[in-house]
Amino acid sequence: MSWLRHGFEINTDKTKLDRASILRMLRATYWASEVPPEDLWESILNSRAYGMYSPDGEQAGFARVVTDVTRFAWFSDVYVLPVHRDRGLGKWLIETVITDPALAKVRRFLLSTNDAHTLYKEHGFKTVEGEEATKMMMLMR
């Protein structure tokens with residue numbers, strides 16, 4: 001599946017993913033810095049992956065969803081390269097994932113974040129009460 005906006009593309013074709021770029025970016029994050037690269041890549045191959053590409057074809061961002069495609073989805077590894085930020089691309093990436101027709105039956109999206117609560121709240125996510133409530137967020141449809 002493919003979505004286009006302002007010359008950027010989001011695509012679920014895993015053969016288009018730039019493995020080196022994605023692993024480099026994820027290894028620099030607080031949530032995946034200690035995960036071996038082979039394990040990160042295997043997690044991507046076993047998930048619904050969303051590659052974001054700039055007009056020149058560069059891997060500009062990424063997200064993945066671990067899901068049964070009917071009831072549950074775990075939203076993970078969302079990023080946009082710093083050079084492409086402040087253009088609304090992160091919002092578009094989130095919007096694309098949660099409105100993807102392949103996930104139309106999914107009723108519950110969960111995620112964990114230390115710093116992007118406001119971004120996810122704009123898309124209907126709410127903080128989960130209880131343990132680690134400052135990190136967990138959920139979208140029920």
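Guide: Let's start with helix H1, which lies across strands E4 and E5 and runs at about 95° to E5. Helices (H or I, at least four residues) and strands (E, at least two) are DSSP runs numbered from the N terminus; axes are lines fitted to C-alpha atoms, for helices over the stretch in contact, with angles from 0 to 180 degrees between N-to-C directions. Keep in mind that this is a predicted model, where local features need pLDDT of at least 70 and side-chain atom pairs count only at pLDDT 80 or more, while totals for chains, interfaces and linings use all residues. Residues are numbered from 1 along each chain as its sequence is written, and side-chain values use heavy atoms, leaving out hydrogens and water.

H1 covers residues 19-27, and its buried ones are Ser 21, Ile 22, Leu 23, Met 25 and Leu 26. (Buried is under 20% relative accessible area, exposed over 50%, partly exposed in between, with a 1.4 Å probe and protein chains only.) Those buried residues pack against helix H2 (37-45), E4 and E5, contact being heavy atoms within 4.5 Å.

Now for the sheet itself. It's open, with eight strands in the order E1-E2-E3-E4-E5-E6-E8-E7 and mixed pairing; two strands pair if DSSP finds at least two bridges between them. E1 (2-5) and E7 (126-127) stand at the edges with a single partner strand each, so one side of each has no neighbour in the sheet. Further in, E6 and E8 run antiparallel, joined by five bridges; Leu 111, for instance, has Met 137 in E8 as its bridge partner.

Helix H3 packs on this sheet too, touching E1, E2, E3, E4, E5, E6 and E8, and its direction makes about 160° with that of E5.

What's tucked inside? The largest nonpolar core has 27 residues, and Tyr 50, Met 52, Phe 75, Val 97, Phe 109, Tyr 120 and Phe 125 touch the most other members. (Such a core is a set of buried Ala, Val, Leu, Ile, Met, Phe, Trp, Tyr and Cys residues joined through side-chain atoms within 4.5 Å.) Elements supplying at least two residues each include E3 (48-53), E4 (59-67), E5 (72-80) and H3 (89-99), and H3 gives the most, with six.

Zoom in on Val 97: leaving aside residues up to four places away in sequence, Val 97 touches Tyr 50, Ala 63, Val 65, Phe 75, Leu 103 and Phe 109. There's also a second, separate core of 14 residues, among them Leu 17, Ala 32, Trp 41 and Tyr 53.
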